Amino acid sequence: MKIFLTGKNGQLGHRLLEDLKKIHEIIATDRNTLDLLDTQLIEDSIYQVKPDVIINAAAYTNVDQAEKEKDLAYKINALAPEALSRAAKELDIPIIHISTDYVFDGTKERSYVEDDEVNPLSVYGMTKWEGEEFVRQHPKHFILRTSWVFSSLGDNFLKSIFKLVQEKNSLHMVDDQWGSPTSVETLSKAIQIIIQYLDQKNNSDVYGTYHVTSDGKTNWYLYTRKILDTLESFKVELKLKKYDLHPISSAQFPQNATRPKNSKLNTDKFKKIFMAEFSHWENEMNDTVLQMLK
Ligand SMILES: NC(=O)c1ccc[n+]([C@@H]2O[C@H](COP(=O)([O-])OP(=O)(O)OC[C@H]3O[C@@H](n4cnc5c(N)ncnc54)[C@H](OP(=O)(O)O)[C@@H]3O)[C@@H](O)[C@H]2O)c1
């Protein structure tokens, strides 16, 4: 298949490019080759390439900074996906778009299913929701909501903590926000399953919104503890000792953007329809740390 990919230098985009180029023709773009602020250029580029499918792995992902850059976040997270899906509709090809757990407000006690009511608490969550709604205007869409993405490349929580525990001798982490850390490997696997499905069936009857995360859930404090345990098991010298890691509440740690208390996504729909299984985040984190130590 000929695949048009945005965000090739991001955490997910990089993984996708590596995985998909083995079997498909990939036209992979980044900010230099396709600035997503230019919606006319987005459409022109797609009409020129005439791909079989579009994957949008680019986004404005700085959750706190988005509170100060609402207009920019809206352009990248909502208007760019609108242009991408408009071009997909015009060419009658599918689009795979990535969204976030932060479209929910976190007040539900159980895990969120795809049809649950959204209520974003932040500019990032709101602009991602607006992007989803634009993409839904094209019937041939897959919207994959995910959460707490990590990879050995790029900026993410795992990499920040990896650095902090080797430098700091005291750390406070929030213990009242729950979710599922998700490896780029799991996300890439889900997207490859969809591509394979499209390749074989051509006319897919399974378009729609899906939740895709690694298995398991945690909070930021317990996540940090797990990172500490993992690094200790690999005999990495740490400045931070376990007893120097302290749980705090969200109220004690104000951030520009408000996060949901519970953003655990229920992945049963994807697993059932595509007969897929995902790995537990702890095992994947172990593998990612190993890669980072190489
Ligand atoms: N990271 C998470 O924890 C998380 C959680 C839930 C959902 N998601 C979603 O998952 C998807 C992938 O996230 P990720 O973590 O891989 O993101 P990422 O590492 O931040 O990558 C985003 C990419 O988008 C590109 N981009 C931003 N503005 C652009 C513009 N104007 N023109 C062209 N490219 C632009 C960035 O380019 P530069 O490198 O040049 O800036 C970057 O390569 C996104 O849809 C995100 O919203 C992520």
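Are F270 and F274 buried or exposed? In this predicted model, F270 and F274 are both buried.

**Aromatic pairs**

Counting rings whose centres lie within 6.5 Å, the model holds 15 aromatic pairs. One of them joins W148 and Y223, whose ring centres are 6.4 Å apart and whose planes meet at 10°, so the pair is stacked. This pair links distant parts of the chain, since W148 sits in the loop between strand 5 (141–146) and strand 6 (149–150), whereas Y223 belongs to helix 7 (residues 220–233), and the two are 75 residues apart. W148 and Y223 are both buried.

F270 and F274 form a tilted aromatic pair, with 4.6 Å from centre to centre and 35° between the planes.

**Packing of helix 3 against helix 4**

Helix 3 (residues 70–91) packs with helix 4 (residues 123–135) at an angle of about 15°, and their axes are 8 Å apart. Because angles under 35 degrees count as roughly parallel, helix 3 is described as roughly parallel to helix 4. The crossing of helix 3 past helix 4 is right-handed.

On the side of helix 3, the contact is made by K70, A73, Y74, N77, A78, L79, P81, E82 and S85, while helix 4 contributes V123, Y124, T127, K128, E130, G131, F134 and V135. Sorted by class, the residues in this contact of helix 3 with helix 4 comprise nine nonpolar, four polar and four charged ones.

Technical notes. Residues numbered from 1 in each chain as written. Predicted model: local features only at pLDDT ≥ 70, side-chain atom pairs only at ≥ 80, totals over all residues. Heavy atoms only, no water. Axes fitted to C-alpha atoms, helices over the stretch in contact; angles between N-to-C directions. Helix = DSSP H or I, 4+ residues; strand = E, 2+ residues; numbered from the N terminus. Parallel < 35°, antiparallel > 145°, perpendicular 65-115°, else oblique. Left-handed = near helix turned anticlockwise from the far one by under 90°. Contact = heavy atoms within 4.5 Å. Nonpolar A, V, L, I, M, F, W, Y, C, P; charged D, E, K, R; others polar. Phe/Tyr/Trp six-rings, centres within 6.5 Å; stacked < 30°, edge-to-face > 60°. Buried < 20%, exposed > 50% of the residue type's maximum accessible area, 1.4 Å probe, protein only.
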